[in-house]
Structures are given as structure tokens and as C-alpha cells.
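Have the structure open as you read.

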Amino acid sequence: MRHLYKLVFIGDGGVGKTTVTALLAQVYASSGQDVLAVDVDPAPCLADALGLPPELRRELHPISEMEDLIYDRTGAKPGTTGGFFTINPRVDDLPERFSVKHRGVRLLEMGGVETGGTGCICPESALLKTLFTHLLFRNDEILLLDMYAGVEHLGRATADFVDAMLIVVEPTRRSLGTAEQIKKLATDIGLKQMWLVANKVKSREDVEFITANSPGIPLLDQFYSNPDVIEADRRGLAVYDYVPSLREVAERIAAKLSEEFQMSH
Ligand SMILES: Nc1ncnc2c1ncn2[C@@H]1O[C@H](COP(=O)(O)OP(=O)(O)OP(=O)(O)O)[C@@H](O)[C@H]1O
Ligand SMILES: [Mg+2]
């Protein structure tokens, strides 16, 4: 049976998580595989990175902002706390209903929930949490999660379902420091398989800096800094189409992952 990978893209702010997620999504889709890319950022921008045309873009809304849906499924209005609501609402139909599909990539926006310090006990977070768990359990397509900084969405129960966590780093101490924190949190929930993916490197020395300062996480590959990435963004085009040199690295990463998974399964 073909293995449907579940990959998590994570890292410090602005390092290139969304760019790399979009590239990998389009690599898998162009090889004929079904892909579900999920934007877990409260300020979604994966749609732009995938070069979604405006008419599809307009159809897409973050789940966290669907007040009627949240009310319908949990029995309480978003923003309310302390009242009664369902903590395990029905979610299995949501990925198909609220995603859009563009060139073989299905895209779903989760949106953000104000979690505060202790974690929010509110209807919208119950819905998102249940949906997140459902995404990790189901096995219908390759799942790519474009995460923002934290790993709080990933629980112990779901860590086993993640095939690999790809921590995107730049050649900076700051992003490597974040990688170290992510590694600690990931190890705590039992996630073992992780790699660094370097982005925005300018030289061999940049790559050496990353390997020399890595918190014990192997480097899978590196994307070079390329002004065409910004230009693709300005033109509303996918990096996959506009910057062949980055697409090639993404293809190499997919091939390396496939080799790694064959060895470990
Ligand atoms: N290899 C690259 N060369 C040049 N610019 C890049 C490269 N990769 C990403 N960028 C640019 O860096 C910026 C941040 O990239 P991206 O949005 O992918 O990062 P992110 O980690 O998802 O950010 P956020 O934390 O805000 O979600 C974007 O303007 C993007 O176009
Ligand atoms: Mg992003």
C-alpha cells in the first residue's frame, strides 16, 4: 500500500514555512498524488504561496471564523466560555466542504483561536482541536501542515501519525534557537522524526553555519535565497512555477523523504 505521508512544517517567524509547504504540496500533486495542505496560521497565506486564482481565493474562509458552523456543531456561540458545548463535535465532512482544490492540491484554512496562556476552553477551539485530530487520523491523502510557531496543536495522541517534522531555518542563531525549542517540545510529545530544511542560504558557509549550530537535528537540504521568490509573490504566482531552482530542491526533498520512509517502514 502506498504510504500517505503526514508532514509538519514548522519554524521561526518568516523563515519560509509557507513557501516550503507550498512547494512540497505542488511537487506531490504534480506526481499525481492527492494532497491536503492545511494552513494553521492565524494569518493565512498558503493560498497566495500556491498561486490560487482570486475566484478560488474568495471561496476560502478560515474554519475559526465560521460562526454558524461553530454554533451548529458545538451548540455554543464562538467566544463564549463557561457554558455547555460539545467537546467532540462532528468534523469529518469539513475538509471536503470548506476546502478548495487547485491543481491537485486541496487547501484548508484553520484560522486562529485566541488561546491565551492556559489554553482556551471555548467552542471554536473545541471544533479546531477535533478537526486537527481528525486530519491526523484520516488517511485519504498526503497531509501537509503549515504550522506557525508552536506545536500546541500536536498532542501525544497524534504524534504517532506524523511521519516527519520539517523545521525550516535560516542561517541565523535565532531560527536555530527556535528549532531547538521546537525539538524539545516535539520530543516531549513523542515525535522523533525531524529534519532541518535550510532556507534563504547565500553561500556554502551559510550551510556550514547551520550544520555547525544545529541542535542535533540532521539537515535534509537547502534552498538558496532567490529574489525571484519575492517577485513570484508580487505577481501572485506560485514559486513552484516561477522559480525552477527552488522547485528542483523541493523535488529532491520529496525523493529523500521517500527513501527515508522506505527505510524506516
Ligand atoms: N528562498 C527564498 N529566497 C528569497 N525569499 C524567500 C525565500 N523563501 C521565502 N522567502 C520570502 O520570505 C518571506 C517569508 O516567507 P514565508 O511566508 O514562506 O515564511 P513563513 O515562515 O511562512 O512566515 P510566517 O512565520 O509569517 O508564516 C516571504 O516574503 C517570502 O517570499
Ligand atoms: Mg507562513
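Ligand 1 sits in the largest pocket. A pocket is an open set of points on a 1 Å grid over the protein atoms alone, where a 1.4 Å probe fits, with protein on both sides within 12 Å along at least five of seven lines; a molecule sits in it if more than half of its atoms lie within 2 Å of its grid points. This is a predicted model, in which local features need pLDDT of at least 70, side-chain atom pairs count only at pLDDT 80 or more, and totals for chains, interfaces and linings use all residues. Side-chain values use heavy atoms, without hydrogens and water, residues are numbered from 1 along each chain as written, and chains are lettered from A and ligands numbered from 1 in written order.

Around ligand 1 there are 17 residues (a heavy atom within 4 Å). Helix H1 (17–30) gives two or more of them, as do strand E7 (194–201) and helix H10 (227–235); H1 gives the most, with 3 residues. Helices (at least four residues) and strands (at least two) are DSSP runs.

| Side chain | Ligand 1 atom | Distance |
|---|---|---|
| Lys17 | oxygen | 2.8 Å |
| Thr19 | oxygen | 2.5 Å |
| Asn199 | nitrogen | 2.9 Å |

Which residue forms a salt bridge with Arg138? Glu96 does, with the closest N and O atoms 3.2 Å apart; the term means a Lys or Arg side-chain nitrogen within 4 Å of an Asp or Glu carboxyl oxygen. Glu96 lies in helix H5 (residues 94–97) and Arg138 in the loop between helix H6 (123–137) and strand E5 (142–146), so the pair ties together parts 42 residues apart in sequence.

Definitions and conventions. A polar contact is a pair of N or O atoms within 3.5 Å; within protein, one must be able to donate a hydrogen and the other to accept it, and residues adjacent in sequence count only if both atoms are side-chain atoms. On a 1 Å grid over the protein atoms alone, a cavity is a set of points where a 1.4 Å probe fits but cannot get out, and a pocket is an open set with protein on both sides within 12 Å along at least five of seven lines; lining residues have an atom within 4 Å of a point.
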